Amino acid sequence: MLTICLPSSERGFWFWRNQFFRLAIGFVLMSDTLAGIHHIRPGDGAAAIQAIFERAQSGDEIRFQPGTYRIKPAYPAGHMKAPLRLIGKTGITLLGAEDGVELFSDGPGELLLFSGCSNMRNENITFRSTGAPVENGDWLYSMIMLYSRNEKLTFEDCSFLSFGNHALS
């Protein structure tokens with residue numbers, strides 16, 4: 001319940017101005033929480049990013065702030081070892097800032113895994129690797145690996161640069 005108090009002669013302009021700004025800031029902070037908006041910043045490691053991925057719910061948006069995110073990929077890969085995993089998620093958007101977001105895979109191996117996901121949107125993200133060769137020809141290494149059944153995965157304005165033997169599989 002919201003209670004609105006009218007100014008009394010004991011409280012001046014500055015008191016009521018400050019009260020208004022506190023209320024406005026509260027609504028802004030609350031709107032990000034209610035809308036399911038999560039922020040990732042350069043310097044956040046794979047564990048911090050994965051924790052946000054795990055907390056994300058259907059309809060949430062995960063926003064990467066401008067910068068390069070260096071992440072050590074899983075090598076050898078397989079059995080869902082990628083450092084960044086979205087498993088059983090629906091309707092989540094990974095959104096890179098317009099100023100440029102690069103997920104940099106430092107070596108061969110899997111960087112990001114989707115498993116059992118649907119209606120996922122990836123926008124404005126550059127996926128880059130060192131282009132390191134895969135040593136064992138029996139393995140398939142991809143920057144983005146699709147395990148199990150995935151439906152309606154969209155990549156808009158994304159780039160795949162200098163990857164090993166596959167960017168997406």
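Could you take me through the largest nonpolar core: how many residues does it have, and which of them have the most contacts inside it?

Analyst: Happy to! Keep in mind that this is a predicted model. The largest nonpolar core is made of 26 residues, and Phe53, Ile62 and Phe64 are those with the most contacts inside it. Several elements build this core: α2, β2, β3, β4, β6 (101-105), β7 and β10 (142-147) supply at least two residues each. The biggest contribution comes from α2, which gives three residues. As a general background, nonpolar side chains in soluble globular proteins tend to be buried together.

Let's look at that helix. Helix α2 runs over residues 46-55, and its buried residues are Ile49, Gln50, Ile52 and Phe53. What lies over the buried residues of the helix? The cover includes the strands β1 (37-40), β2 (61-64), β3 (67-71), β4 (84-87), β5 (93-96) and β7 (112-115).

Now pick out Phe64, one of the residues with the most contacts inside the core. Leaving aside residues up to four places away in sequence, Phe64 touches Ile40, Ile49, Phe53, Tyr69, Leu94, Leu95, Gly96, Ala97, Val101, Leu103 and Ile125.

The whole structure holds five aromatic pairs. In one of them, the rings of Phe127 and Phe160 have centres 5.2 Å apart and planes at 10°, so this pair counts as stacked. Because Phe127 belongs to strand β9 (residues 126-129) and Phe160 to strand β12 (residues 159-161), the pair ties together parts that are 33 residues apart in sequence. Phe127 is buried, at 0% relative accessibility, while Phe160 is partly exposed, with a relative accessible area of 25%. Ring pairs also join Phe114, Phe127, Phe155 and Phe160 into a cluster.

Key: Residues are numbered from 1 along each chain as its sequence is written. This is a predicted model: local features need pLDDT of at least 70, side-chain atom pairs count only at pLDDT 80 or more; totals for chains, interfaces and linings use all residues. Side-chain values use heavy atoms; hydrogens and water are left out. Buried means under 20% relative accessible area, exposed over 50%, partly exposed in between (1.4 Å probe, protein chains only). Helices (H or I, at least four residues) and strands (E, at least two) are DSSP runs, numbered from the N terminus. Contact means heavy atoms within 4.5 Å. A nonpolar core is a set of buried Ala, Val, Leu, Ile, Met, Phe, Trp, Tyr and Cys residues joined through side-chain atoms within 4.5 Å. Rings of Phe, Tyr and Trp (its six-membered ring) pair if their centres lie within 6.5 Å; planes under 30 degrees apart count as stacked, over 60 as edge-to-face and the rest as tilted.
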